[in-house]
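Reader: I'd like to learn how to read strand pairing in a model like this one. Could you walk me through it?

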Amino acid sequence: MYFIGTLEIDPSQNTKIKPIKKQGFLSNFLNAVSFGQLSPKQELETFNATSILQQIYDGFASIGINNVIRLSLDNYDFYLDESGQENDLEKSLYSFTSRVDPIESELFETIYLVLEHKENNLNFLIEVDVKRKHKVGEYPIFIDLNCVFEEFNISNFKNEEDLFHNLLTRFSNQNDLARFYETHKINFSDFLDKVEKAAKTFIPIDNIVKKTKRVLVRPNQKIAKLNQVKHLKSSQPIHYGYHGFDESAFYIYLWSDLMYQNNLFCNDFFITDELGNEILTIGENGFFARHTNTLNTEVPVQDMIADSKNFPLDYNDSDSEEFSDFSETDLDKE
């Protein structure tokens, strides 16, 4: 189990709406006879890469976030931490500003920034995606936070089996799990609020949209060893494979087995596979884990979905990108 929070930011800088030219006789003909009205359009932000990046950096620095993992412009990495360096915010910014010329700064397509931050026994992987060109109505700055529970970092245990045994004994009943969720939910929400406040302080903003959700990873087959973890760069940051983060996040692949073996009550979260692809959305009514094979990693995912539909579960196929609010676990269900 882990938390996701997102901030979609609409900065106050002026934008231009520009038609997108498509090639081909038919496209050119339709564009001409409609005076360009039929052409798809996109927004072009007027900020330059150096200025917006400086504002983002100032915001993070103001709340003590200074551990940069990656900084890239148009898919070129100006900084990539492959050795676990700490406090490298200024170093990565200097690497960027000293090598980007004014023309590049004005005509960039995307900026991609990844940071890591530990606070209140939580480990945050923070991904910032800035797009100068984007669809009309979309916001150009997107901050995606993945939050894991640092106390279950595998380096704190003898091995993977010791970690799983700790999880099983730690959450042997519903009340312990509910108290754990509640404490970390509050700390997570406070941190997300702090990032939002910092963004508003250092970036002139017209609007900001904040969303959260809780995610349970249900592997297609049991994952018992760290070297069995797979990565997918186009998925959530937690699945990218950044240096050292697998040690913090490995426990998420054991949570499904924890819930199933202890027959814990499950509600209000999204289920994904081991690469972050959403499978199901579990609603408020939920279910007890051992009543179905939904969380049984001895059963393949496709068989699990078919099996789930034979039970009166409160779930939806997870084709939507909609986020849910955190909600309390229902401890009164038997």
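Reader: Which residue stands opposite Leu 7 in E9?

Author: Strands here are DSSP runs labelled E, of at least two residues, and helices are runs labelled H or I, of at least four, all numbered from the N terminus. Two strands pair if DSSP finds at least two bridges between them. In this case, Leu 7 faces Ile 143 of E9. E1 and E9 (residues 141–149) run antiparallel, with seven bridges joining them. This is a predicted model: local features need pLDDT of at least 70, side-chain atom pairs count only at pLDDT 80 or more, and totals for chains, interfaces and linings use all residues. Residues are numbered from 1 along each chain as its sequence is written, and side-chain values use heavy atoms, leaving out hydrogens and water.

Reader: Which other strand pairs with E1, and over how many bridges?

Author: That is E10 (residues 205–217), antiparallel to E1 over 10 bridges. Within this pairing, Asp 10 sits opposite Asn 207.

Reader: How many of the residues of E1 are buried?

Author: Buried means under 20% relative accessible area, exposed over 50%, and partly exposed in between (1.4 Å probe, protein chains only). Nine of the 10 residues in E1 (residues 2–11) are buried.

Reader: And how many disulfides does the structure hold?

Author: A disulfide is a covalent bond between the sulfur atoms of two cysteines. The cut-off used here is a pair of cysteine sulfur atoms within 2.5 Å. The structure has zero disulfides. Cys 147 counts as buried because its relative accessibility is 0%, and Cys 266 is buried, with a relative accessible area of 0%.
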